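Work through the following exercises with the sequence and the structure at hand. Each task is followed by a solution in steps.

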Amino acid sequence: MPIVAATSSDEADVRRLLDASGLPTADLTSELLRDFLVQRGGLDLSAVGALEFAGQDALLRSVAVGW
């Protein structure tokens with residue numbers, strides 16, 4: 001199961017997994033989605049994670065694994 005960059009078609013699934021994990025989605029924009037990586041198990045999203053960049057710093061955010 002490769003880990004790949006999220007695309008705009010992943011947004012609904014990313015939101016669903018983050019919601020199920022109790023993580024915020026209100027600030028998830030298409031621009032921020034570009035910083036996400038996703039992994040699929042078959043058709044379902046099995047993991048998601050992102051680095052939010054601010055200059056030379058980055059914040060690890062929104063890491064979730066589905067069961």
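This is a predicted model: local features need pLDDT of at least 70, side-chain atom pairs count only at pLDDT 80 or more; totals for chains, interfaces and linings use all residues.

**Exercise 1.** Determine which pattern the secondary structure follows along the sequence.

*Solution.* Begin with the elements: the protein chain has two helices and four strands. Next, read them along the sequence; the pattern is β-α-α-β-β-β.

**Exercise 2.** Decide whether the radius of gyration of the protein chain agrees or disagrees with that of a compact globule.

*Solution.* For 67 residues, a compact globule would have a radius of gyration near 11 Å. The protein chain has 11 Å, so the two agree. Along its principal axes, the C-alpha trace spans about 35 × 25 × 20 Å. Among contacts with a separation of 6 or more, 48% come from residues 24 or more positions apart.

**Exercise 3.** Locate aspartate 10 and decide whether it is buried or exposed.

*Solution.* Aspartate 10 is found in the loop between strand E1 (3-5) and helix H1 (11-20). Its relative accessible area is 7%. Buried means under 20%, so aspartate 10 is buried. Leaving aside residues up to four places away in sequence, aspartate 10 touches Ala5, Val38 and Arg40.

**Exercise 4.** State how far apart the mean positions of the positive and negative charges are.

*Solution.* The protein chain has 5 positive and 10 negative charges. Their mean positions are 4 Å apart.

Key:
Residues are numbered from 1 along each chain as its sequence is written. Side-chain values use heavy atoms; hydrogens and water are left out. The radius of gyration is taken over C-alpha atoms; the globule rule is 2.2 Å times the number of residues to the power 0.38. Contact means heavy atoms within 4.5 Å. Lys and Arg count as positive and Asp and Glu as negative; His and the chain ends are not counted. The place of a charge is taken as NZ of Lys, CZ of Arg, CG of Asp or CD of Glu. Buried means under 20% relative accessible area, exposed over 50%, partly exposed in between (1.4 Å probe, protein chains only).
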